Amino acid sequence: MTESNEPAWLAAWKNGGQANQPALPDEPPRRPDGTFPPGVSGNKAGMRKGTKHTRTQLAEALKENGAALLQVAIDKALAGDTAALTLCLSRLVPVLKPKGERVQFALDIAKPRHEQCQQIVAAVAAGELDVDAGKLLIDCITAAANLCAVDELEARLAALEARGSSEGRRAGVVISREGLPE
C-alpha cells in the first residue's frame with residue numbers, strides 16, 4: 001500500500017469538507033457559516049492601544065497636506081487635465097439634486113385605488129405631471145393599499161380567534177396567538 005502525500009486540506013475537501021482532524025485548541029469557536037459569534041474574534045490580543053483607524057490616518061494626512069494637494073489639482077485643471085477640472089468644479093458647484101415641486105391635477109380619491117393609479121398615468125401622459133412625481137404618487141397609493149390589507153387581515157384574524165375560541169371551548173380545543181409574531 002502506498003501512503004498518500006496529499007495535504008490535509010485536499011483530503012478534507014475530498015471527504016465533502018469534513019476534516020478528520022479535530023479543531024486546533026487555540027482556534028476560537030466559529031459558527032457553521034464560518035463567522036465568529038458576537039464577542040469572539042480571531043485576534044485575542046485585540047487592536048493595540050493608540051492604533052488609529054485608516055480613515056483617521058487619511059484625514060490627518062489630508063489636514064497636513066491639503067492645501068498643497070488642492071493647489072496641485074488646481075494647477076493640473078488649469079493645464080487642461082479634465083479629471084482634475086471635474087474634481088475642482090464638483091467641489092465649487094455641488095451636483096444639483098431634483099426637487100419635488102408642488103403639482104396640482106384632478107385626482108378623485110373616492111374612486112378605487114387602481115382607478116386612482118390610472119388617473120395618475122393619464123396625468124403623466126398628458127404632461128400635467130412629470131414621470132418621477134407620478135411614480136412617487138403610485139408608490140404612495142401602493143403603500144397605503146398594503147397597509148389597508150394588513151389592517152383587514154388583522155381584523156379578520158381577530159374575528160376568527162373570537163369565533164374559534166367560543167367554538168373551541170365547546171369542542172375542547174383552545175386557539176391562541178401565543179408564539180405568533182406581533
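Modeller: Terms first: helices are DSSP runs of H or I, at least four residues, and strands are runs of E, at least two, numbered from the N terminus. A pocket is an open set of points on a 1 Å grid over the protein atoms alone, where a 1.4 Å probe fits, with protein on both sides within 12 Å along at least five of seven lines; lining residues have an atom within 4 Å of a point. This is a predicted model, where local features need pLDDT of at least 70, side-chain atom pairs count only at pLDDT 80 or more, and totals for chains, interfaces and linings use all residues. Residues are numbered from 1 along each chain, and side-chain values use heavy atoms, without hydrogens and water.

Biologist: Which helix gives the most to the lining of the second largest pocket?

Modeller: α3, with six residues. α2 (54–78) also supplies at least two, as does α3 (82–92).

Biologist: Who's in that lining?

Modeller: Among them are Leu-70, Ile-74, Leu-85, Cys-88 and Arg-91.

Biologist: Switching topic. How many salt bridges are there?

Modeller: Two, counting a side-chain nitrogen of Lys or Arg within 4 Å of a carboxyl oxygen of Asp or Glu. Glu-60 pairs with Lys-52, closest N and O atoms 3.1 Å apart. Lys-135 pairs with Asp-139 at 2.9 Å.

Biologist: How far apart in helix α5 are Lys-135 and Asp-139?

Modeller: Four residues, so about one helical turn separates them.

Biologist: Is Lys-135 buried or exposed?

Modeller: Exposed, at 51% relative accessible area. Buried means under 20%, exposed over 50%, partly exposed in between (1.4 Å probe, protein chains only). Asp-139 is partly exposed at 38%.
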